[in-house]
Amino acid sequence: MTTGLHRFRVDQVFDLTARGGLVACGTMLDGTPVGGLCFVDELTGAPIRVIAVDFPTPTTQRTGQHLLVVSREDAALVRPGRVWAGHVLPES
């Protein structure tokens with residue numbers, strides 16, 4: 001796993017109960033989504049609690065988008081057009 005800056009733009013949001021959080025479908029503007037992501041909302045600086053990187057679908061594979069599962073506690077920040085900035089946490 002690498003460390004470094006990552007930026008993610010939310011394109012679509014889905015609330016799928018089975019996923020345990022909100023599914024944010026979006027575009028990585030910088031970096032690649034891997035385990036240990038830590039984001040903050042670029043506009044407010046509020047933390048975004050990423051629960052998981054979800055499995056790619058045929059659509060996301062075709063469009064180059066990624067799926068992040070985010071805590072429902074952060075619902076106000078999980079909106080299309082929002083950009084999150086962050087880094088990959090180093091392995092301990």
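Visitor: Which residue in S6 does alanine 52 stand opposite?
Guide: Alanine 52 stands opposite valine 69 in S6. Before we go on, this is a predicted model, where local features need pLDDT of at least 70, side-chain atom pairs count only at pLDDT 80 or more, and totals for chains, interfaces and linings use all residues. Residues are numbered from 1 along each chain as its sequence is written, and side-chain values use heavy atoms, with hydrogens and water left out.

Visitor: OK, and what's the mean pLDDT of the protein chain?
Guide: The mean is 84, and 83% of the residues reach 70 or more; pLDDT is the predictor's confidence in each residue, from 0 to 100.

Visitor: Why is S6 described as largely enclosed?
Guide: Because 4 of its 5 residues are buried, S6 is largely enclosed by the rest of the structure. Buried means under 20% relative accessible area, exposed over 50%, and partly exposed in between, with a 1.4 Å probe and protein chains only.

Visitor: How many bridges join S1 to S2?
Guide: 9 bridges join strand S1 (residues 5-16) to strand S2 (residues 21-30), and the two run antiparallel. Arginine 7, for one, has aspartate 30 in S2 as its bridge partner. The S1 and S2 hairpin has 4 residues between the strands, and glycine 20 takes a positive phi near 80° there.

Visitor: What's in the largest nonpolar core?
Guide: It has 12 residues: Phe8, Val10, Leu22, Ala24, Met28, Phe39, Ile48, Leu68, Val70, Leu77, Val78 and Trp84. S1, S2 and S6 each supply at least two residues of this core, and S2 gives the most, with 3 residues. A nonpolar core here is a set of buried Ala, Val, Leu, Ile, Met, Phe, Trp, Tyr and Cys residues joined through side-chain atoms within 4.5 Å.

Visitor: And how many aromatic pairs are there?
Guide: The count is 3 aromatic pairs. Phenylalanine 8 and phenylalanine 39 form a tilted one, with 6.3 Å centre to centre and 45° between the planes. That pair links distant parts of the chain, with phenylalanine 8 in strand S1 and phenylalanine 39 in strand S3 (residues 37-41), 31 residues apart. For the rule, rings of Phe, Tyr and Trp (its six-membered ring) pair if their centres lie within 6.5 Å; planes under 30 degrees apart count as stacked, over 60 as edge-to-face and the rest as tilted.

Visitor: Are those two Phe residues buried or exposed?
Guide: Phenylalanine 8 counts as buried, at 0% relative accessibility, and phenylalanine 39 counts as buried at 2%. Phe8, Phe39 and Trp84 form one aromatic cluster.

Visitor: Switching topic: where does glutamine 65 sit?
Guide: Glutamine 65 is in the loop between helix H1 (58-63) and strand S6 (66-70). At 17% relative accessibility, glutamine 65 counts as buried.

Visitor: What does the glutamine 65 side chain make a polar contact with?
Guide: With the side chain of aspartate 11, at 2.8 Å. A polar contact is a pair of N or O atoms within 3.5 Å; within protein, one must be able to donate a hydrogen and the other to accept it, and residues adjacent in sequence count only if both atoms are side-chain atoms.

Visitor: Last one: is leucine 43 buried or exposed?
Guide: Leucine 43 counts as exposed, at 71% relative accessibility, and lies in the loop between S3 and S4.

Notes:
Pairing = 2+ DSSP bridges.
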